[in-house]
Amino acid sequence: MTAKERYEGCLKWWEENDPLPQTELHYQSLWQLLVAVILSAQCTDKRVNMITPALFEAYPTPASMARALPEDIYEYIKSVTYPNSKSRNLVAAAKMIDEKYDGKIPNNLDDLLKIPGVGRKTANVMLAVAFEQAAMPVDTHVFRVANRIGLTRASRTVLHTEKTLMKKLPKDLVAKTHHWLILHGRYTCKARKPDCAGCGLKEFCKAYQKESKNYTLTPDTLTIPKVKKKSAPKQSAPKPPKRGLPEIPEIPEIPGLPEPTVINPNPPASADGGNVPVSD
């Protein structure tokens, strides 16, 4: 399967099964969306949605948060990841937006990247979601799923993934594909245990096609075949060494020495009952 066929197959399936993908973060203004995206860095959308209602009620605008202290913000967001640095960034971001941009969220990448707490992924989220521009935010789900399906090839950095997807995708589907990849990675193509059996993209998935060669496939399942383990050959116990006197090595003959005199331990008896004397 060519890369073009894989892209076309995935996009067609997504269009038919999820024509209007949306972010799962809750917000009612561009300011609230920016705050939620900053808080979602290395944190789940579910956790962010739990703490933002009270935060948005207390600080509905950049101007209101600009007057707060990081310690005040911390009390609202202490259950998310890295609450200390995020509380400082939110106050600093609110001040910059209020003072430099007249309380409005910038709609271009360069100005967004100047805001404290806003990295490339957060800036691209704002461009794609808030301003409906052709931008590809790459988070852990997008990075993993794009590589696994085969939309990118051995990508090692999020920037490489972003550039590859931007080059291959139709411009009008870039923002949608961002949502499709996130949702697919969150609910189907999970990091540790992907649901290949329930995945509608397995026909186009490069990883699935590669792994299926080592698996038994049925129409709705992907099962691992049972492989009989070869038992190791039995090893007999080593025989114990024979006990007994050690063998005495033969003494080599030395030329020039006289023959040794052999003394009979049982000399013959004489006629009078005595021993026969041994002659020299």
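Lys176 comes out as partly exposed, with a relative accessible area of 26% (buried means under 20%, exposed over 50% and partly exposed in between, with a 1.4 Å probe and protein chains only). The model is predicted, so to speak of local features a pLDDT of at least 70 is needed, side-chain atom pairs count only at pLDDT 80 or more, and totals for chains, interfaces and linings use all residues. Numbering runs from 1 along each chain as its sequence is written, and side-chain values use heavy atoms, with hydrogens and water left out.

Lys176 has a charged partner: its side chain meets that of Glu15 in a salt bridge at 3.7 Å, N to O (a side-chain nitrogen of Lys or Arg within 4 Å of a carboxyl oxygen of Asp or Glu). Because Glu15 sits in helix H1 and Lys176 in helix H11, the contact ties together parts that are 161 residues apart in sequence (helices are DSSP runs of H or I with at least four residues, strands are runs of E with at least two, and both are numbered from the N terminus). Glu15 is also partly exposed, at 30% relative accessibility.

The structure holds six salt bridges. Another of them joins Arg186 to Asp45, with the closest N and O atoms 3.3 Å apart. Here too distant parts of the chain are linked, Arg186 being in helix H11 and Asp45 in helix H3, 141 residues apart. Arg186 is partly exposed at 23% relative accessibility, while Asp45 is buried at 13%. Asp111 pairs with Lys114, with 3.6 Å between the closest N and O atoms, and Lys114 is partly exposed at 46%.

Arg186 and Asp45 turn up again at the largest pocket, where they are among the residues nearest the centre, together with Ser40, Lys121 and Asp139. On a 1 Å grid over the protein atoms alone, a pocket is an open set of points with protein on both sides within 12 Å along at least five of seven lines, and lining residues have an atom within 4 Å of a point. The volume is about 630 Å³, taken as the space filled by probe spheres set on the points, with points joined across faces, edges and corners. Of the 29 lining residues, the largest share, six, comes from H11; H3, H8 and H9 are also among the helices that each supply at least two. The lining splits into 10 nonpolar, 13 polar and six charged residues (Ala, Val, Leu, Ile, Met, Phe, Trp, Tyr, Cys and Pro are nonpolar, Asp, Glu, Lys and Arg charged, and the others, Gly among them, polar).

As for aromatic rings, the count comes to two pairs (rings of Phe, Tyr and Trp, the last by its six-membered ring, with centres within 6.5 Å; planes under 30 degrees apart are stacked, over 60 edge-to-face and the rest tilted). Trp14 and Trp180 are stacked, 5.6 Å centre to centre with 15 degrees between the planes. Their pairing connects H1 with H11 across 166 residues. Trp14 is buried at 3%, and Trp180 is buried at 1%.

Note on methods
1 Å grid on protein atoms, 1.4 Å probe; cavity = no way out; pocket = protein on both sides within 12 Å on 5 of 7 lines; lining within 4 Å.
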